[in-house]
Amino acid sequence: MMIDLLYFAWVRESIGIGHERATPPAEVANVAGLIDWLAMRGGGYAEALGDKTRLRAAVDQLFVPLDASIAGAREVAIFPPVTGG
């Protein structure tokens, strides 16, 4: 299953790209598993995604907890907590 991955703010800066398409392995069932799988790439991925407590996510443009399923997802966005102003 091909998923569009979007990265924002310092997550994007650490990884070095804002968007990519990826096909996670079948055992990756939720956002947390996707983040772990991406972090295993090392480098900027490990730096940006190594501490999930610093991350938030949206699946198909809906904010979700990190234990949310990615089954059937077309897009997953990963970003730091958003503050208002």
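E20 is buried, with a relative accessible area of 13%. The model here is predicted. In it, the E20 side chain meets that of R41 in a salt bridge, with 2.9 Å from N to O. The count of salt bridges comes to 3. E75 is also buried, yet has no salt bridge.

**The E20 and R41 pair**
- E20 belongs to strand 2, while R41 sits in the loop between helix 2 (31–39) and helix 3 (43–49).
- The two residues are 21 apart in sequence, so their pairing ties together separate parts of the chain.
- R41 has 38% relative accessibility and therefore counts as partly exposed.
- E20, at 13%, falls under the 20% cut-off for buried.

**The D4 and R21 pair**
- D4 and R21 form a salt bridge through their side chains, at 2.9 Å from N to O.
- This pair links distant parts of the chain: D4 is in strand 1 (residues 3–7), and R21 is in strand 2 (residues 19–22).
- D4 has 22% relative accessibility, so D4 counts as partly exposed.
- R21 reaches 52%, so R21 counts as exposed; the cut-off for exposed is over 50%.

**The K52 and D36 pair**
- The side chains of K52 and D36 also meet in a salt bridge, here at 2.6 Å from N to O.
- K52 lies in the loop between helix 3 and strand 3 (56–59), and D36 lies in helix 2.
- They are 16 residues apart in sequence, so this bridge too ties parts of the chain together.
- K52 is partly exposed, at 27% relative accessibility.
- D36 is partly exposed as well, with a relative accessible area of 37%.

- E75 is found in strand 5 (residues 75–79).
- For E75, the nearest side chain of opposite charge is R74, 7.8 Å away.
- A salt bridge needs nitrogen and oxygen within 4 Å.
- Side chains of opposite charge can pair when their charged atoms come close.
- Leaving aside residues up to four places away in sequence, E75 touches I3, D4, L6, A58, V59, D60 and Q61.
- One of these contacts, D4, is also the salt-bridge partner of R21.

**Overall fold**
- The protein has 3 helices and 5 strands.
- Along the sequence they follow the pattern β-α-β-α-α-β-β-β.
- The chain has 85 residues, and a compact globule of that length would have a radius of gyration near 12 Å.
- The protein has 12 Å, which agrees.
- Its C-alpha atoms fill a box of roughly 35 × 30 × 20 Å along the principal axes.
- Take the contacts between residues at least 6 apart in sequence: 51% of them join residues at least 24 apart.

**Surface and charge**
- Of the 85 residues, 41% count as buried.
- The protein exposes about 4800 Å², and carbon and sulfur atoms supply 55% of that area.
- There are 7 positive and 10 negative charges.
- The mean positions of the positive and negative charges lie 2 Å apart.

How values were computed. Residues numbered from 1 in each chain as written. Predicted model: local features only at pLDDT ≥ 70, side-chain atom pairs only at ≥ 80, totals over all residues. Heavy atoms only, no water. Helix = DSSP H or I, 4+ residues; strand = E, 2+ residues; numbered from the N terminus. Rg over C-alpha atoms; globule rule 2.2 N^0.38 Å. Buried < 20%, exposed > 50% of the residue type's maximum accessible area, 1.4 Å probe, protein only. Contact = heavy atoms within 4.5 Å. Areas by Shrake-Rupley, 256 points an atom, 1.4 Å probe, with all protein chains shown as cover. Lys, Arg positive; Asp, Glu negative; His and termini not counted. Charge placed at Lys NZ, Arg CZ, Asp CG, Glu CD.
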